[in-house]
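Hi,

Here is the structure I promised to pass on. Have a look at it first, and my notes follow below.

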Amino acid sequence: LYLFGLVNLVIGTAAFMNAGLLVPMAQTFGVGVGSVGQATTVYSLATALLAPAYLVATARLAPRVALALALALFALGNLVTALAQDLTTLLAARVLMGCGSAATALMAGLAVATAPVERRAQALSIVFVGMSLSYVTGIPLATWVGMGWGWRLPVWAAVALVLLAALALWRTLPTARAAVTGPSLVGAVALLRQRAVLSVLVLTLVYFIAIFSVFSYMGPVLKSLLPMGAGALSAVISVFGVAGVVGTLSGGRAADRWGPRRSLTVSLSGLSLCLLLLPLTTGHLWAMVSVLMVWGVCGFSMMAPQQVRLAQLAGPQTPLALSLNNSMLYLGIALGAAVGGAALAHLEARHLPWVGAPFALAALAWMRWSTRPR
């Protein structure tokens with residue numbers, strides 16, 4: 001589980017470090033910040049569409065083979081990114097990375113299959129804490145290095161780290177095929193016929209639109225709220241990431257102890273409030289940091305409860321259900337980046353949280369309605 005968490009740290013850093021490097025990347029390719037921000041949209045759409053197809057295609061392979069191939073694709077995408085000379089090449093590289101991100105769903109399925117039922121949420125929180133840690137260490141470090149020595153340098157580092165992650169998994173995982181139900185088209189159709197499963201997937205989609213309509217442009221948003229240099233920007237993003245780690249781990253424990261519905265209500269309420277308050281902190285460092293920390297805790301605490309809900313509903317099809325949830329996650333990221341980019345053409349960056357707030361409130365209302373006692 002901890003190795004899976006470290007691999008997700010590498011994947012999360014490589015996938016989303018462009019959020020802090022939009023300005024130098026836009027200058028390199030001679031395009032606007034909003035255009036480069038669509039790299040997140042392309043990556044997320046590729047993940048949503050190609051990662052499930054990859055899971056189906058590799059269902060009969062041993063776990064270490066499937067994971068190694070996925071990480072090889074992810075590394076290749078980073079390599080093409082590092083060599084890109086125009087926006088089109090960058091977007092093509094993000095497609096390769098999106099397909100390779102199927103590694104995250106594979107690791108989540110293995111975690112659920114091997115953990116005791118009463119501790120599934122905690123197991124998943126350990127696996128996904130790597131994503132949270134990427135906002136504490138990986139993304140801030142990549143932002144600092146990229147702003148000081150060029151944005152390509154952290155991308156080259158990502159290539160090496162992804163290959164090291166693939167090697168570590170190859171040496172650690174068993175050679176035999178895991179006793180896990182492999183994804184299939186028939187299983188996907190059966191799951192999507194369940195209203196309860198669909199309601200979980202819709203919630204994942206909507207709340208990720210809320211978060212990434214803002215986070216995809218976090219660098220410009222923070223600089224608009226309070227002018228800051230590269231070091232200060234990295235520090236603020238790191239603080240946000242620390243809060244995300246706390247949220248990821250506490251969300252798993254809360255879901256195991258109090259149930260997914262109660263923990264999701266608290267998380268979504270906090271997220272909605274933070275998105276409404278953040279633009280009001282303009283010019284006030286500690287107020288801005290405080291709101292960002294609460295946002296980090298609430299925003300990252302929702303993933304484990306969602307996945308536990310799916311595990312309860314899907315039974316032996318849990319790995320497939322988690323991969324579909326992952327698709328909704330990245331589709332939400334893609335739509336969020338698109339919404340934020342469109343809004344950025346008409347609004348100041350500091351007002352973007354008010355674009356995400358209605359989606360967070362809609363997610364809260366949907367969760368309460370779809371999980372009400374019948």
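How much space lies in the largest cavity? About 330 Å³, and bear in mind that this is a predicted model. The count comes to 5 cavities of 30 Å³ or more.

The largest cavity is lined by 21 residues, and M131, Y135, F208, F300 and L329 are the closest to its centre. Helix 10 gives the most, with 5 residues.

Next, the packing. The largest nonpolar core has 106 residues, and L222 and W295 are the ones with the most contacts inside it. Setting aside neighbours within four places in sequence, W295 is in contact with I211, V214, F215, M218, F240, L271, C274, L275, L278 and F300. That puts F300 in two lists: it is a contact of W295 and among the residues closest to the centre of the largest cavity. There is also a second, separate core of 9 residues, including L191, V200, L310 and A314.

One last check, on helix 12. With 29 residues at 1.5 Å a residue, helix 12 should span 42 Å, and its end C-alpha atoms are 41 Å apart, so the two agree. Just after helix 12 comes G259, with a positive phi of about 95°.

Cheers

Conventions. Residues are numbered from 1 along each chain as its sequence is written. This is a predicted model: local features need pLDDT of at least 70, side-chain atom pairs count only at pLDDT 80 or more; totals for chains, interfaces and linings use all residues. Side-chain values use heavy atoms; hydrogens and water are left out. On a 1 Å grid over the protein atoms alone, a cavity is a set of points where a 1.4 Å probe fits but cannot get out, and a pocket is an open set with protein on both sides within 12 Å along at least five of seven lines; lining residues have an atom within 4 Å of a point. Grid points are joined across faces, edges and corners, and a volume is the space filled by probe spheres set on the points. Helices (H or I, at least four residues) and strands (E, at least two) are DSSP runs, numbered from the N terminus. A nonpolar core is a set of buried Ala, Val, Leu, Ile, Met, Phe, Trp, Tyr and Cys residues joined through side-chain atoms within 4.5 Å. Buried means under 20% relative accessible area, exposed over 50%, partly exposed in between (1.4 Å probe, protein chains only). Contact means heavy atoms within 4.5 Å. The expected span of a helix is 1.5 Å times one less than its number of residues.
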